[in-house]
Amino acid sequence: MTTALPPRAGRHCHNALNPVHSTLYFSPDLDREFTALGFTDRSAMRLAARSAALGAVGAGTVAATFYNYNHEFLARHLPAVWETASPAEVLDARLRTVDATLRRLLGEDAVASPEMAEAAELALRATEACTRHARPLYSAHADLPVPEQPHLAYWFAATLLREHRGDGHLSALLAAGLDPVEALASHTATGKGMAPRWVLGTRGWRREDWEAARERLRERGLIDAEGELTESGTALRAELEEHTDRLDSAPYEHLGAAGVERLTELARGFLVTAAGAGAFPADLIGKG
């Protein structure tokens, strides 16, 4: 008999798993591996790393699937990045980066531990219930082979679950009528999103784009004059997450309450260790 999941259990599990994927983008190992391929621009490296599963795509495809990036910014790098290295070469370099990064952040004992193997097995089991339709980034990654080593399999499963939830979240953003910059600005206003300087530096938007989006949010009554979420704004962000939870429930229901609880416990342990080892910039999250 399957035990019903506690409220938001899948979201809590995602929040513990998702950062292990994101360590890639802040890792000095990525710069080393991608410089060896011939890359010289850090934005190009990171765009290539996340989009390579889609093939040698251009700016239009990435703008659609990433949602909150400036198309003009993307067009400065795509499809030109594939002249530096093929998607297959990028994917290989990405996995080498993950290997080096997790060994450095977690330590060799954790990488080789029974807990890592258990986490990989649980996360991969959850992915068995992911669906492909209307989920381009997830579906592209699902076509890739599962790495054999447990720590790489764990990262790969976390990536599948991240992109599965992310693809669903885009549907929620569309339904809420939030454009790319409005989505970013309203998330930052929750205090849980990236700080504005990180948004502007990585997504290719200008300060005037940010301020114009904030003004549109004010006109809708979603943020106040100080940029804080109003009651309506808080309700909208909560509904966005609930909508995303509903679209992303299948993997966690498939894993079951006990499996989700155990995977969340293991993932949080790895996350605390990685964060303590400096996996993320100290000023990454915040409103200022």
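Predicted model: local features only at pLDDT ≥ 70, side-chain atom pairs only at ≥ 80, totals over all residues.
Just after helix H17, Gly278 takes a positive phi of about 85°.

**Helices H17 and H9**

- In H9, Met116, Ala119, Ala120, Leu122, Ala123, Ala126 and Thr127 are buried, and the helices against which the buried residues of H9 pack are H7 (87-106), H8 (108-111), H10 (136-142), H11 (150-176), H16 (249-255) and H17 (257-276).

**Nonpolar cores**

- The largest nonpolar core has 63 residues, of which Leu17, Phe34, Phe39, Leu74, Val90, Tyr154 and Leu263 touch the most other members; the largest share of this core, 9 residues, comes from H11.
- Apart from this core there is a second, separate one of 25 residues, which includes Tyr67, Leu178, Leu184 and Leu240.
- When residues up to four places away in sequence are not counted, Phe39 touches Phe34, Ala44, Met45, Ala48, Val81, Thr84, Ala85 and Val90.

- Trp198 lies in helix H13, residues 196-203, and counts as buried because its relative accessible area is 18%, under the 20% limit used for buried residues.
- Leaving aside neighbours within four places in sequence, Trp198 is in contact with Phe26, Pro281, Asp283 and Leu284.
- Trp198 and Ile285 are 87 residues apart in sequence, while their C-alpha atoms are 8.6 Å apart in space.

**The crossing of H12 and H14**

- The axes of helix H12 (residues 180-189) and helix H14 (residues 207-219) come within 9 Å and cross at roughly 75°, and the two helices are therefore roughly perpendicular to each other.
- On the H12 side the contact is made by Val181, Glu182, Leu184, Ala185, Ser186 and Thr188, and on the H14 side by Asp209, Trp210, Ala213, Arg214, Arg216 and Leu217.
- Sorted by class, this contact of H12 with H14 has 6 nonpolar, 2 polar and 4 charged residues.

**Backbone details**

- Most residues other than glycine have a negative phi, and most peptide bonds are trans.
- A cis peptide bond, with omega about 5°, joins Leu78 and Pro79, and Pro79 is placed in the loop between helix H5 (71-75) and helix H6 (81-84).
- Arg8, a residue other than glycine, has a positive phi near 60°; Arg8 is found in the segment before helix H1 (9-22) and, at 41% relative accessibility, counts as partly exposed.
- Ala134, also a residue other than glycine, has a positive phi near 60°; Ala134 is placed in the loop between H9 and H10 and, at 67% relative accessibility, counts as exposed.

Definitions and conventions: Residues numbered from 1 in each chain as written. Heavy atoms only, no water. Buried < 20%, exposed > 50% of the residue type's maximum accessible area, 1.4 Å probe, protein only. Helix = DSSP H or I, 4+ residues; strand = E, 2+ residues; numbered from the N terminus. Contact = heavy atoms within 4.5 Å. Core = buried A, V, L, I, M, F, W, Y, C linked by side-chain atoms within 4.5 Å. Axes fitted to C-alpha atoms, helices over the stretch in contact; angles between N-to-C directions. Parallel < 35°, antiparallel > 145°, perpendicular 65-115°, else oblique. Nonpolar A, V, L, I, M, F, W, Y, C, P; charged D, E, K, R; others polar.
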